[in-house]
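Here is a short briefing to read alongside the model. Please keep the viewer open as you go through the points.

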Amino acid sequence: MAMASINFSYRSKKEIAYIELRLAYTVDGKRKFQHARTKIQITKKFWDEIKTKGNRFRDTEKIIEYNKINEHLSQLETVIYQQLPPDAKIEMNWLKDAVKKYYNPNDENKIPTDLLEYWDYYMNLREYELKQKPRSWQKWNEIKNRVHLFQKKKKRKYSIEDINEEFKRDWIKYCKEESYANTTIKKNLSYIKMLCQHAARKGLKTSSDLVKLNANFKKEDLPRIYLSFEELEKIKALKSLPDYLDNARDWLVISCFTGQRVSDFMRFNSSMIRKSKGRKFIDVTQRKTEKKVSIPILPEVESILKKRKGEFPRTISAQKYNTYIKEIGKLANINKPTKGKILKKLEDGKNRKVLDIYPKHKLITSHIGRRSLATNYYGVIPSSYLKNITGHGTEAMLLAYIGKTSKDTAFEAYDLMLAHNKRNVKLQ
């Protein structure tokens with residue numbers, strides 16, 4: 001077995017937290033680490049005292065507490081060392097499983113049937129995968145908290161098997177009372193359904209209603225907000241911007257001519273640029289879908305790179321970016337009255353998106369660049385090429401994204417077919 005060591009630490013910023021165990025080991029000459037939480041809760045102050053004083057306490061209560069903690073951790077350390085796999089064949093999450101087995105020796109294979117307990121079980125199973133996509137991890141936690149508040153309001157706990165038509169009815173009613181949008185209600189229910197389907201694959205009993213458990217609402221007639229080429233020219237023409245707005249403006253222009261999500265374009269750097277046959281491309285793996293896309297560097301992006309000596313603008317948080325680009329839109333007089341939703345505080349104190357008519361600059365968000373490229377270049381280049389830049393799985397998904405219907409595509413097909421026929425007539 002390769003050299004392995006165990007130590008305990010206080011890794012939280014909170015005043016009271018659980019002591020964590022760290023396992024360090026070597027595989028193929030590389031040092032690796034795994035962490036797991038113990039069931040010993042302690043104050044940061046007392047932990048710091050232990051680290052500085054060891055067992056040299058004068059206070060009787062502290063001596064008793066120290067001995068209790070030391071005995072617990074020593075026993076856990078011994079068990080972990082005894083269970084270490086030979087030749088350091090330690091799989092991912094091995095330590096967490098070993099610690100869990102230590103505290104729950106009889107529940108090793110027990111799968112919870114309670115909805116929220118299963119939620120924790122599910123997120124623990126998929127923790128590594130979900131945390132690779134921070135927004136997904138956040139979304140699962142948000143909906144779990146919403147379900148918790150729902151159960152609190154209903155004064156009951158739901159099991160996996162309880163997720164049926166009656167649950168859907170009560171869930172929709174609760175969400176409506178809480179002023180959630182139809183899209184939010186529908187999306188949240190789909191996550192709950194997804195969780196129960198996972199439980200079914202694990203052998204848990206689920207409701208026969210689950211297969212068709214969907215929230216069907218009339219689709220909201222909302223315009224797809226994007227920046228036209230004319231509006232982008234007005235944004236590009238802005239002069240004497242303060243540095244923070246100039247930086248954000250350059251990112252906005254880049255996003256509108258690369259068509260990527262903020263989580264992707266904010267990662268752009270000069271090392272991602274590839275030159276081939278006199279052309280330049282940005283090669284990036286999209287975080288949300290893990291798709292690899294190659295994006296042509298158009299003159300608008302090239303101009304910004306030249307301005308910044310071959311580098312992309314300074315990275316900023318998505319939150320600041322969203323704030324700054326609204327300021328930029330206002331300065332560029334992007335003020336056309338436009339139907340859309342803005343997050344507002346309601347009279348009851350809840351923060352919800354409110355549908356109304358707003359000056360267009362107030363509806364500019366980090367997603368506008370992706371939609372702008374898809375909309376502006378639709379019909380200019382083949383959809384098959386365009387979807388490979390945006391990363392949409394199919395042309396149908398791309399068309400739905402920019403709001404094109406069969407009626408729209410029929411007009412475009414008519415023009416293309418007519419042009420084709422005219423060319424053939426000239427050639428005869």
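Arg249 and Asp250 are both buried, and their side chains form a salt bridge with an N to O distance of 3.4 Å. The pair belongs to a salt-bridge network that also takes in Asp246, Lys307 and Arg308. Keep in mind that this is a predicted model.

**Salt bridges elsewhere**
- The total comes to 26 salt bridges.
- One of them joins Lys144 to Asp120, with the closest N and O atoms 2.5 Å apart.
- That pair links distant parts of the chain, as Lys144 sits in helix H6 (residues 134-154) and Asp120 in helix H4 (residues 115-125), 24 residues apart.
- Asp120 has a relative accessible area of 40%, so it counts as partly exposed.
- Glu142 pairs with Lys139, the closest N and O atoms being 3.7 Å apart.
- Both Glu142 and Lys139 belong to helix H6, where three residues, about one turn, separate them.
- Glu142 is partly exposed because its relative accessible area is 24%.

**Gln34 in strand S3**
- Gln34 is found in strand S3 (residues 30-43), and its relative accessibility of 9% is why it counts as buried.
- A polar atom of the Gln34 side chain is 3.0 Å from the backbone oxygen of Glu91.
- Beyond its neighbours within four places in sequence, Gln34 has contacts including Leu21, Tyr25, Ile90, Met92 and Trp94.

**Ile16 in strand S2**
- Ile16 is part of strand S2 (residues 16-27) and, at 48% relative accessibility, counts as partly exposed.
- Setting aside residues up to four places away in sequence, Ile16 touches Tyr10, Gln41, Ile42 and Thr43.

Terms used:
Residues are numbered from 1 along each chain as its sequence is written. This is a predicted model: local features need pLDDT of at least 70, side-chain atom pairs count only at pLDDT 80 or more; totals for chains, interfaces and linings use all residues. Side-chain values use heavy atoms; hydrogens and water are left out. Helices (H or I, at least four residues) and strands (E, at least two) are DSSP runs, numbered from the N terminus. Buried means under 20% relative accessible area, exposed over 50%, partly exposed in between (1.4 Å probe, protein chains only). A polar contact is a pair of N or O atoms within 3.5 Å; within protein, one must be able to donate a hydrogen and the other to accept it, and residues adjacent in sequence count only if both atoms are side-chain atoms. Contact means heavy atoms within 4.5 Å. A salt bridge is a side-chain nitrogen of Lys or Arg within 4 Å of a carboxyl oxygen of Asp or Glu.
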